[in-house]
Amino acid sequence: MLSLGIEGTAEKTGVGIVDNNGNILASVGEALIPQAGGIHPREAAEHHAKTIPKLIKKALNEAKIDIHDIDLVSFSKGPGLGPALRSVATAARTLALGLKVPIVGVNHCIAHIEIGRLTTSAEDPVSLYVSGGNTQIISFEEGRYRVLGETLDIAVGNLLDQFCREVGLGHPGGPIVEKLAKKSSKYIQLPYTVKGMDLSFSGLLTATIRKYEKGASLEDLCYSLQETAFSMLTEVTERALEHTKKDEVLLCGGVAVNKRLQEMLSIMCDEHGAEFYVPPAKYCGDNGAMIAWLGQLMYKYHGGDDIENTTVIQRYRTDEVDVPWMKSLGS
Ligand code: ATP
Ligand code: FE2
């Protein structure tokens with residue numbers, strides 16, 4: 001049984017094809033490069049509308065199948081930008097109705113975790129989900145993925161993106177900060193804000209911009225920004241690991257490709273005798289395969305959605321969804 005998944009919660013459009021055994025037959029994508037000022041929800045929506053048809057063709061070619069071989073259409077139902085989500089849902093409905101196949105809307109955050117479990121050996125991990133829109137520490141407890149801690153303001157990817165935008169380094173900020181950080185080892189004191197298992201990055205953003213305005217070098221600031229933000233993430237993950245008594249950590253989301261963050265978490269896991277997992281880079285950031293795969297799991301355990309229930313949920317919480325496929329593993 002083949003699932004075609006469509007992703008488009010923000011500026012990246014993705015289409016993936018995955019079978020019911022978790023074999024990824026195709027995963028293609030295209031990102032909108034925003035002008036100065038960040039992502040405009042309406043522009044993201046137009047980008048998806050324009051890009052989805054050609055990405056579907058590309059994915060079918062990659063998978064070497066015909067469109068009529070598709071048995072299920074999956075799409076990201078939220079969380080995300082309203083207009084972007086509605087573009088994706090419209091495309092998914094059109095495709096499912098045209099092909100006369102079931103449709104299923106899935107939670108984007110859970111899709112990041114499930115593609116991580118599929119592409120690594122992680123079974124029941126503490127997940128650190130870090131991206132442009134989300135920063136959450138998640139653990140499976142009593143039938144659902146529970147958010148043990150999260151950012152109280154902006155996401156860590158957004159911190160890196162906004163910093164780069166403010167100092168004129170371009171977009172997306174994450175890879176630029178990672179590259180510049182390698183050129184320095186001089187730590188400049190920056191605010192470190194962890195409250196239990198929650199974090200705050202907005203004070204860190206403002207302070208780093210102020211230091212730049214006062215003449216600190218971009219290399220030193222990128223290094224210090226990474227060291228500070230990633231230490232905060234490592235501290236809360238360590239706390240979650242101790243709290244849950246689990247023995248695996250899964251890093252997922254677009255920021256997960258960062259080598260320094262991987263290194264810090266891997267050292268922490270070693271100290272705790274825990275396994276550390278990170279998916280292949282192409283499945284860390286937003287992609288269609290993760291939506292197609294979660295679609296398979298949701299369809300198997302919950303069935304398809306009625307077309308009236310395919311509306312989007314902009315603030316779709318990770319812990320709103322029952323995940324029966326995990327029950328045999330966790331508590
Ligand atoms: P979500 O909807 O889950 O919040 P998203 O729209 O932010 O996802 P992702 O592809 O999951 O999309 O993540 C993009 C983020 O990843 C951006 O903030 C980007 O700067 C960050 N990123 C990409 N590469 C790196 C890197 N090498 N180091 C740090 N951050 C990175
Ligand atoms: Fe994402």
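Guide: We will go through the metal site, then the charged side chains. Keep in mind that this is a predicted model.

Visitor: Metal first. Which residues are the protein donors of the iron ion (ligand 2)?

Guide: His 108 and His 112, each through NE2, and Asp 286 through OD. They lie 1.9 to 2.2 Å from the iron ion.

Visitor: How are the donor residues spaced in sequence?

Guide: The pattern is H-x3-H-x173-D.

Visitor: Where do His 108 and His 112 sit?

Guide: In helix 3, residues 108-119. They are four residues apart, so about one helical turn separates them.

Visitor: Is His 108 buried or exposed?

Guide: Buried. His 112 is buried too.

Visitor: Switching to salt bridges. How many is the count?

Guide: The count comes to 13. One of them pairs Glu 114 with Arg 117, with the closest N and O atoms 3.1 Å apart.

Visitor: Where do Glu 114 and Arg 117 lie?

Guide: Both are in helix 3, three residues apart, which is about one turn of the helix.

Visitor: And why does Arg 117 count as buried?

Guide: Because its relative accessibility is 17%, and the cut-off for buried is under 20%. Glu 114 is buried as well, at a relative accessible area of 1%.

Visitor: What does Lys 246 form a salt bridge with?

Guide: Glu 141. The closest N and O atoms are 4.0 Å apart. This pair links distant parts of the chain, 105 residues apart. Lys 246 is in the loop between helix 7 and strand 11, while Glu 141 is in strand 7, residues 135-141.

Visitor: How accessible are Lys 246 and Glu 141?

Guide: Lys 246 has 14% relative accessibility and counts as buried. Glu 141 has 22% and counts as partly exposed.

Visitor: Now helix 8. How far apart are Arg 260 and Glu 263 in helix 8?

Guide: Three residues, so about one helical turn, within residues 259-272. Arg 260 is partly exposed at 25% relative accessible area, and Glu 263 is partly exposed at 41%.

Visitor: Which residues do salt bridges that share partners join into one network?

Guide: Asp 124, Glu 141 and Lys 246.

Visitor: Last topic, the surface. Which residues gather in a patch of negative charge?

Guide: Asp 247, Asp 270, Glu 271 and Glu 275. Asp 247 lies in the loop between helix 7 (218-244) and strand 11 (248-252).

Definitions and conventions: Residues numbered from 1 in each chain as written. Chains lettered and ligands numbered in written order. Predicted model: local features only at pLDDT ≥ 70, side-chain atom pairs only at ≥ 80, totals over all residues. Heavy atoms only, no water. Donors = N, O, S within 2.8 Å, 3.2 Å for Na, K, Ca; no water. Helix = DSSP H or I, 4+ residues; strand = E, 2+ residues; numbered from the N terminus. Buried < 20%, exposed > 50% of the residue type's maximum accessible area, 1.4 Å probe, protein only. Patch = residues over 30% accessible without salt bridge, like charges linked within 9 Å, V, L, I, M, F, W, Y side chains within 5 Å. Areas by Shrake-Rupley, 256 points an atom, 1.4 Å probe, with all protein chains shown as cover. Salt bridge = Lys/Arg side-chain N within 4 Å of Asp/Glu carboxyl O. Lys, Arg positive; Asp, Glu negative; His and termini not counted. Charge placed at Lys NZ, Arg CZ, Asp CG, Glu CD.
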